[in-house]
Amino acid sequence: MSKIKLTKNELKAQKDDLKMYRRYLPTLTLKKQQLQTEIRAIESKAEAARQERETLERGFNDWIAVFSEENAFPKGAITVRNIHKGKGNIAGVTIPIFEGADFSREEYDLYETPLWVDIAANHMEKAMLLDLEAEVLEEQGRLLEAELLTISQRVNLFEKVKIPETEENIKKISIYLADQQVSAVVRSKISKSKIAAKNATDSERQGYSL
């Protein structure tokens, strides 16, 4: 705990600080809860995208026998040309929003290529879209997790350090000032008693002199 001045001005400053901490703490706590809720929702969406991707991939099993044809569907036949992302905002955090993607397909001879290739290509593009969507969702989660860590640290700082420390400072200063006030009253009474005693003594002396 840092050293504080035991003065009325410092007492007011500490009370102002305590008021500020108590005013901001509920806002920070609410933001923390909002981030936790949003992170869980994003994780759920990412998991749903991955599961859909797995379901789609299992559907490819219908084509396994056909894929066995050598070079019928070469690796790299479909590539991602552009990824479209927008921007969103959650609890003050700017996040990317997945808006789709453009693909390029390798040209092939329509007469010599099996008919299933177009169907398989469409399935692969959809699977790649789901992968990209999951990646963007995971990026959203990382950004919100980082913000959650910062907010959690601030909440802990206010709850466990700043508020207790400030309350202790206020108590310490208040006790000191109260003691000082009592001491001042006592000194004043003692001083008045001495003055009264002196006046009485002086009066007695004057009486004897008469």
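1. Residue classes come first: Ala, Val, Leu, Ile, Met, Phe, Trp, Tyr, Cys and Pro count as nonpolar, Asp, Glu, Lys and Arg as charged, and the others, Gly among them, as polar. On that scheme, the lining of the largest pocket has eight nonpolar, one polar and three charged residues.

2. This is a predicted model: local features need pLDDT of at least 70, side-chain atom pairs count only at pLDDT 80 or more, and totals for chains, interfaces and linings use all residues. Residues are numbered from 1 along each chain as its sequence is written, and side-chain values use heavy atoms, with hydrogens and water left out.

3. Overall layout. The protein has three helices and two strands. From the N terminus on, the elements run α-α-β-β-α. Helices (H or I, at least four residues) and strands (E, at least two) are DSSP runs, numbered from the N terminus. Buried residues make up 27% of the 210 residues. Buried means under 20% relative accessible area, exposed over 50%, and partly exposed in between (1.4 Å probe, protein chains only).

4. Helix α1. The 52 residues of α1 should span 76 Å at 1.5 Å a residue, and the end C-alpha atoms are 76 Å apart, which agrees. The expected span is 1.5 Å times one less than the number of residues. A kink of about 25° lies at Leu-25, shortly before the proline Pro-26. The bend is the angle between axes fitted to the seven residues ending at a residue and the seven starting there.

5. Strand β1 (residues 78-90) pairs with β2 in the antiparallel sense over 12 bridges. Two strands pair if DSSP finds at least two bridges between them. Thr-79 has Ser-104 in β2 as its bridge partner. Lys-85 stands opposite Phe-98 in β2.

6. The turn. Two residues separate β1 and β2 in the hairpin. Ala-91 is found in the loop between these strands. Most residues other than glycine have a negative phi. Ala-91 is buried, with a relative accessible area of 16%.

7. The largest pocket. About 150 Å³ of space lies in it. Its lining includes Glu-38, Lys-45, Phe-98, Glu-133 and Gln-140. The elements that give two or more residues to this lining are α1 (8-59), β2 (93-105) and α3 (116-209). On a 1 Å grid over the protein atoms alone, a pocket is an open set of points where a 1.4 Å probe fits, with protein on both sides within 12 Å along at least five of seven lines; lining residues have an atom within 4 Å of a point. Grid points are joined across faces, edges and corners, and a volume is the space filled by probe spheres set on the points.

8. Glu-135 is found in α3. Glu-135 counts as partly exposed because its relative accessibility is 47%. Glu-135 and Phe-98 are 37 residues apart in sequence and 9.1 Å apart in space, C-alpha to C-alpha. Leu-129 also lies in α3. At 28% relative accessibility, Leu-129 counts as partly exposed. Leu-129 and Asp-102 are 27 residues apart in sequence and 9.4 Å apart in space, C-alpha to C-alpha.
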